[in-house]
Amino acid sequence: RYRTYARQREEPAVTKDGQRVELHLNAGLLVELTSLADTGAEGIGLFRTEFQFMVADTLPRLSAQEELYRAAYEAAGDKPVVFRTLDLGGDKVTPFTPATREPNPALGWRALRMGLDRPGLTRYQLRALVRAAAGRDLRVLFPMVTDVSELAAVRAILNQELAHAARHGHEQPRSVQAGIMLETPAIAFSPDACLRIADFVAVGANDLMQYFFAADRQNPRVADRYDFISPSSLRLLQSVRQACARHDKPVSVCGEIAGRPLEACVLTALGYRRLSMAASALGPVKRAIRGMDCERLGAWLASVLDEAETGEETPLRQRLIEAGE
Ligand code: PEP
Ligand code: MG
């Protein structure tokens, strides 16, 4: 297997019927960026900037943040890097953020909510990103957007920081794109307002599924209880993909499902063309995509989704495997 993965490293992820899927990496630490060359990934689809904060004893300074982002750009070379702003809180705690005991941390003060309540933190991070991106393409992703007003507010901070950099004589990024992590059902069901102002979308399937199925991703008793390959979540992801297409906004899926071969094939059949995953998942996913017939799986899914409310009781995953699709 390993040899197969190595052999296909330079091959694109193309389905048997010619649909090209981009495979990107999720990363957060510099050491993970060495996987870009090992795996043949097309870029960093999700750089989790909070990792630097989670492994530090004190709040990383502006210069340390800038240095990390610059190093990420350098390691990636010509390949694109998407930086996600701090996604702290919830399952991601740091030694120095106050241990705010919340009854439901996943539903609590986390990610962009914290970022907007502590705008200084966000401004510093965006300042570091803007500086590191001098002369390069800056792709920033905001986590846990739940309402369009949050996206508008953080975009305004980004614009302030671009102006700040210009005022202080720093070279500007070559281009700037601001995207949203789509990981709350509120946005999934009503995406248009955000899609009008976001430049791109990354579906954060770990959180989206957690909130959709009301099942804590951290709790093993319930985390594996619900299956993404079931009619309800497939419909959700299908409608998200269609909404992004309506607005002509690029969309990727990150989150664990994108890194599982069967799930990645299903996402491809639903029309997703960019998946971002852990380095170890890339080989198996590419192999699966190269072995699938996108149109046939898409037609099969459409037909079973059509009949899904009419009483078929065998789980969809099982039917999919049995059908040998
Ligand atoms: C997600 O929620 O799917 C995601 C990619 O982000 P994280 O796992 O870091 O919350
Ligand atoms: Mg998330």
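Let me start at Tyr272, which sits in the loop between helix H13 (261–269) and strand S9 (274–277). Keep in mind that this is a predicted model.

What does Tyr272 touch, leaving aside its neighbours within four places in sequence? The contacts are Arg241, Val251, Val253 and Leu267. For a distance along the chain, take Arg9: Arg9 and Tyr272 are 263 residues apart in sequence, and their C-alpha atoms are separated by 21 Å.

Now the helix before that loop. Seven of the nine residues of H13 are buried, so H13 is largely enclosed by the rest of the structure. The buried ones are Glu263, Ala264, Cys265, Val266, Leu267, Thr268 and Ala269. Leu267, then, is a buried residue of H13 and also a contact of Tyr272. The cover over the buried residues of H13 includes strand S2 (20–27), S8, S9, helix H14 (279–290) and helix H15 (294–307). After H13 comes Gly271, with a positive phi near 110 degrees.

That brings me to backbone angles. Most residues other than glycine have a negative phi. Met144 is not a glycine, yet has a positive phi of about 60 degrees. Met144 is found in the loop between strand S5 (137–142) and helix H7 (148–167). Asp248 also has a positive phi, near 60 degrees, and is a residue other than glycine. The loop that holds Asp248 runs between helix H12 (231–246) and strand S8 (251–254).

Next, H10 itself and the ligand. Which residues surround ligand 1? They are Leu46, Arg48, Asp87, Glu183, Gly204, Ala205, Asn206, Asp207, Cys254 and Gly255. Two elements give two or more residues to this shell, strand S3 (44–48) and helix H10 (205–212). The largest share, three residues, comes from H10. By class, the shell has three nonpolar, three polar and four charged residues.

H10 has buried residues of its own: Ala205, Asp207, Leu208, Met209 and Gln210. Ala205 and Asp207 are therefore buried because of their C-beta counts, 20 or more within 10 Å, and both are in the ligand 1 shell. The buried residues of H10 pack against strand S6 (175–182), helix H8 (185–189), strand S7 (200–204), H12 and S8.

Last, a pair of helices. Helix H4 (residues 62–76) packs with helix H6 (residues 119–132) at an angle of about 40 degrees, and their axes are 8 Å apart. That angle is why H4 is called oblique to H6. The crossing of H4 past H6 is right-handed. On the H4 side, the contact is made by Leu62, Gln65, Glu66, Tyr69, Arg70 and Tyr73. On the H6 side, the residues are Tyr124, Gln125, Arg127, Ala128, Leu129, Arg131 and Ala132. Sorted by class, this contact has seven nonpolar, two polar and four charged residues.

How values were computed. Residues are numbered from 1 along each chain as its sequence is written. Chains are lettered from A and ligands numbered from 1 in the order in which they are written. This is a predicted model: local features need pLDDT of at least 70, side-chain atom pairs count only at pLDDT 80 or more; totals for chains, interfaces and linings use all residues. Helices (H or I, at least four residues) and strands (E, at least two) are DSSP runs, numbered from the N terminus. A residue is near a molecule or strand if its C-beta atom, placed from the backbone, lies within 6 Å of it. Ala, Val, Leu, Ile, Met, Phe, Trp, Tyr, Cys and Pro count as nonpolar, Asp, Glu, Lys and Arg as charged, and the others, Gly among them, as polar. Axes are lines fitted to C-alpha atoms, for helices over the stretch in contact, and angles run from 0 to 180 degrees between N-to-C directions. Angles under 35 degrees count as roughly parallel, over 145 as roughly antiparallel, 65 to 115 as roughly perpendicular and the rest as oblique. A crossing is left-handed if the near helix is turned anticlockwise from the far one by less than a right angle, and right-handed if clockwise. Two residues are in contact if their C-beta atoms, placed from the backbone, lie within 7 Å. A residue is buried if 20 or more other C-beta atoms lie within 10 Å of its own, exposed if 12 or fewer, and partly exposed in between; C-beta atoms are placed from the backbone.
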